[in-house]
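Please look through the following model with its helices and side-chain packing in mind. A short report on these topics follows the display.

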Amino acid sequence: MIAIALAIAMACIAAAMLLNLLRLFRGPTAADRILALDTMVINAIAFIILFGIKERTTSYFEAALLLAMVGFVGTAAYSKFLLRGDVVE
């Protein structure tokens with residue numbers, strides 16, 4: 001039963017990532033592209049967590065935590081660049 005639920009969840013997250021990729025390429029503004037990229041990072045984290053549950057190992061959870069930290073810093077840097085035009089002050 002859990003294997004079926006994991007397969008369905010992975011398929012849904014893969015579909016969400018494809019839709020985010022579409023928004024990333026077609027986004028009318030830079031803010032839309034930044035939000036699409038941030039949402040893709042969140043979906044990638046969820047996909048890694050589900051894969052870790054499927055493989056029954058905890059090492060994937062650490063990778064998801066690292067990706068979350070890098071994604072947060074990247075989103076903050078992109079947003080700051082969009083607002084001010086410079087990341088480092």
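## Basis of the model

Helices (H or I, at least four residues) and strands (E, at least two) are taken as DSSP runs and numbered from the N terminus. The model is a predicted one, in which local features need pLDDT of at least 70 and side-chain atom pairs count only at pLDDT 80 or more, while totals for chains, interfaces and linings use all residues. Residues are numbered from 1 along each chain as its sequence is written, and side-chain values use heavy atoms, with hydrogens and water left out.

Together with Leu 18 and Phe 25, Leu 21 forms a nonpolar patch on the surface, with about 330 Å² of accessible area in total. Such patches are made of residues with over 30% relative accessible area and no salt bridge, like charges being joined within 9 Å and nonpolar side chains (Val, Leu, Ile, Met, Phe, Trp, Tyr) within 5 Å. A salt bridge is a side-chain nitrogen of Lys or Arg within 4 Å of a carboxyl oxygen of Asp or Glu, and accessible areas come from the Shrake-Rupley method with a 1.4 Å probe, only the protein chains shown counting as cover for residues.

Asn 20 also lies in helix α1, but this residue counts as buried because its relative accessibility is 12%. Leaving aside residues up to four places away in sequence, Asn 20 touches Ala 36, Thr 39, Met 40 and Asn 43, where contact means heavy atoms within 4.5 Å.

## Helix α2

Helix α2 has 26 residues (30–55) and should span 38 Å at 1.5 Å a residue, which agrees with the 37 Å between its end C-alpha atoms; the expected span is 1.5 Å times one less than the number of residues. Its buried residues include Ala 36, Met 40 and Asn 43, and α1 (2–26) and α3 (59–84) are among what covers the buried residues of α2.

## After α2

Just after α2, Arg 56 takes a positive phi of about 60°. Thr 57 is found in the loop between α2 and α3 and counts as partly exposed because its relative accessibility is 27%.

## The aromatic pair

The structure holds one aromatic pair. Phe 51 and Tyr 60 form this edge-to-face pair, with 5.1 Å centre to centre and 90° between the planes. Rings of Phe, Tyr and Trp (its six-membered ring) pair if their centres lie within 6.5 Å, and planes under 30 degrees apart count as stacked, over 60 as edge-to-face and the rest as tilted. Phe 51 is partly exposed at 28% relative accessibility, and Tyr 60 is partly exposed at 30%.

Methods. Buried < 20%, exposed > 50% of the residue type's maximum accessible area, 1.4 Å probe, protein only.
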